[in-house]
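User: Please take me through the confidence, strand pairing and side-chain contacts of this model. Keep it brisk.

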Amino acid sequence: MVAHLRAKPGGADTPVTVGDTVTFDASGVRRKPFVMRYAWPEQIDELAERAGLRLTERYADWDRTPFEADSRAHISVHRRR
């Protein structure tokens with residue numbers, strides 16, 4: 001069994017979430033803490049550009065639904081210039 005425990009979700013000022021993935025099995029309990037930082041699509045584009053990449057495609061999900069201003073997620077494809 002795997003349990004995902006999330007704590008300290010970030011807000012607009014602090015887009016960081018700290019959490020744990022806890023696995024319970026016959027060998028015991030394993031804890032894998034993680035820190036996840038959310039970045040807006042524009043921030044990712046800027047970082048990619050600094051790395052020599054350019055945005056070629058952006059979708060709202062893995063089914064390639066068009067990305068729109070109210071999309072809740074994004075899949076961004078960047079390629080070398």
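The questions and answers below go through the model topic by topic.

User: What kind of model is this, and how are residues numbered?

Analyst: Residues are numbered from 1 along each chain as its sequence is written, and side-chain values use heavy atoms, with hydrogens and water left out. Local features need pLDDT of at least 70, side-chain atom pairs count only at pLDDT 80 or more, and totals for chains, interfaces and linings use all residues, since this is a predicted model.

User: What is the average pLDDT of the protein chain, and which element has the lowest mean?

Analyst: pLDDT is the predictor's confidence in each residue, from 0 to 100. The protein chain averages 86, and 83% of the residues score at least 70. Helices (H or I, at least four residues) and strands (E, at least two) are DSSP runs, numbered from the N terminus. Strand β4 has the highest mean among the elements, 97, and the lowest, 58, belongs to strand β1 (residues 2–7).

User: How many bridges join β2 to β3?

Analyst: Two strands pair if DSSP finds at least two bridges between them. β2 and β3 form a hairpin with 2 residues between them. G19 has F34 as its bridge partner in β3, and D25 has G28. Strands β2 (residues 16–25) and β3 run antiparallel, and the number of bridges joining them is 10.

User: How many residues of strand β3 are buried?

Analyst: Buried means under 20% relative accessible area, exposed over 50%, and partly exposed in between (1.4 Å probe, protein chains only). Strand β3 spans residues 28–37 and is hardly covered. Among its 10 residues, the buried count is 0.

User: How far apart are the closest N and O atoms of E46 and R50?

Analyst: A salt bridge is a side-chain nitrogen of Lys or Arg within 4 Å of a carboxyl oxygen of Asp or Glu. E46 and R50 are 4 residues apart in helix α1 (residues 41–50), so about one helical turn separates them. E46 is partly exposed at 44% relative accessible area, whereas R50 counts as exposed at 63%. They form a salt bridge, with the closest N and O atoms 2.5 Å apart.

User: Which residue forms a salt bridge with E57?

Analyst: The closest N and O atoms of this pair are 3.5 Å apart. The pair links distant parts of the chain, with E57 in strand β4 and its partner in strand β5, 22 residues apart.

User: Which residue meets R30 in a salt bridge, and how many salt bridges are counted?

Analyst: The N to O distance is 3.1 Å for the pair of R30 and D25. R30 counts as partly exposed because its relative accessibility is 38%. D25 counts as partly exposed, also at 38%. The partner is therefore D25, and the salt bridge count comes to 5.

User: How do the rings of Y38 and W40 meet: stacked, tilted or edge-to-face?

Analyst: Rings of Phe, Tyr and Trp (its six-membered ring) pair if their centres lie within 6.5 Å; planes under 30 degrees apart count as stacked, over 60 as edge-to-face and the rest as tilted. The count comes to 1 aromatic pair. The ring centres of Y38 and W40 are 5.2 Å apart and their planes stand at 85 degrees, so the pair is edge-to-face.

User: Which residue lies over the face of F67?

Analyst: A charge sits over a ring if NZ of Lys or CZ of Arg is within 6 Å of the ring centre and within 35 degrees of the ring normal. Here the distance from the ring centre of F67 is 5.7 Å. The residue over the face is R58.

User: What is the phi of R64?

Analyst: Most residues other than glycine have a negative phi. R64 is in the loop between β4 and β5 and counts as exposed at 57% relative accessibility. Its phi is positive, near 65 degrees.

User: Where does D70 lie, and how far is D70 from A60 in space?

Analyst: D70 lies in the loop between β4 (53–59) and β5 (75–80). At 63% relative accessibility, D70 is exposed. D70 and A60 are 10 residues apart in sequence; C-alpha to C-alpha, their separation in space is 9.4 Å.
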